[in-house]
Amino acid sequence: MRTIVSTIVGEGLDSTIFIGLAFGGTLPAGVIVGIVAGQWAIKVLYEVAATPLTYTAVGWLKSRERVDTFDYETNFNPVRL
């Protein structure tokens with residue numbers, strides 16, 4: 001789910017910013033919204049299809065290399081009390 005959720009958010013922002021900058025003022029707003037929605041949908045659908053392949057490749061590489069890096073002693077909490 002992590003890869004898909006990050007793609008939903010990240011590619012939504014990416015598509016909106018890029019298409020807005022590239023075509024803003026040259027195309028009607030409705031067309032720009034349609035282009036953004038189409039780009040976003042294609043990118044998200046690709047990620048949904050590619051996620052199982054990604055995790056399969058990562059699992060194979062980890063087992064082949066016998067390396068699984070994890071920071072056991074690191075506190076990633078941004079709010080330290």
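A residue counts as exposed when its relative accessible area is over 50% and as buried when that area is under 20%, with partly exposed in between. These limits are applied below to a predicted model.

R66 is exposed, because its relative accessible area of 75% is over the 50% limit. R66 is found in the segment after α2. Its backbone carries a positive phi, near 55 degrees, although R66 is not a glycine. Most residues other than glycine have a negative phi.

The protein chain holds two helices and zero strands. Its radius of gyration is 19 Å. The globule rule gives 12 Å for 81 residues, and the value for this chain is well over that, so the chain is more spread out than a compact globule. The C-alpha trace spans about 55 × 40 × 20 Å along its principal axes. Of the 81 residues, 15% are buried.

Helix α1 covers residues 2-23, and helix α2 covers residues 29-65. Their axes come within 9 Å. The crossing angle is roughly 150 degrees. Angles over 145 degrees count as roughly antiparallel, and α1 and α2 are therefore roughly antiparallel to each other. The crossing of α1 past α2 is right-handed.

The contact draws on residues along both helices. From α1 come R2, T3, I4, T7, I8, E11, G12, D14, S15, T16, I19 and F23. From α2 come I32, I35, V36, Q39, W40, K43, V44, E47, V48, T51 and Y55. By residue class, the contact between α1 and α2 divides into 11 nonpolar, seven polar and five charged residues.

V5 lies in helix α1. It is partly exposed, with a relative accessibility of 42%. V5 and V44 are 39 residues apart in sequence. In space, their C-alpha atoms are 9.0 Å apart. V44 is one of the α2 residues that make the contact with α1.

Two further positions in α2 were examined. A37 is found in helix α2. At 41% relative accessibility, A37 is partly exposed. The separation between A37 and P78 is 41 residues in sequence and 34 Å in space, taken from C-alpha to C-alpha. W60 is also placed in helix α2. W60 is exposed, because its relative accessible area of 51% is over the 50% limit. W60 and Y72 are 12 residues apart along the chain. Their C-alpha atoms are separated by 23 Å.

In summary, the predicted model shows two helices and zero strands. The helices α1 and α2 are roughly antiparallel and pass each other in a right-handed crossing. The chain as a whole is more spread out than a compact globule, and buried residues make up 15% of it.

Technical notes
Residues numbered from 1 in each chain as written. Predicted model: local features only at pLDDT ≥ 70, side-chain atom pairs only at ≥ 80, totals over all residues. Heavy atoms only, no water. Axes fitted to C-alpha atoms, helices over the stretch in contact; angles between N-to-C directions. Helix = DSSP H or I, 4+ residues; strand = E, 2+ residues; numbered from the N terminus. Parallel < 35°, antiparallel > 145°, perpendicular 65-115°, else oblique. Left-handed = near helix turned anticlockwise from the far one by under 90°. Contact = heavy atoms within 4.5 Å. Nonpolar A, V, L, I, M, F, W, Y, C, P; charged D, E, K, R; others polar. Rg over C-alpha atoms; globule rule 2.2 N^0.38 Å. Buried < 20%, exposed > 50% of the residue type's maximum accessible area, 1.4 Å probe, protein only.
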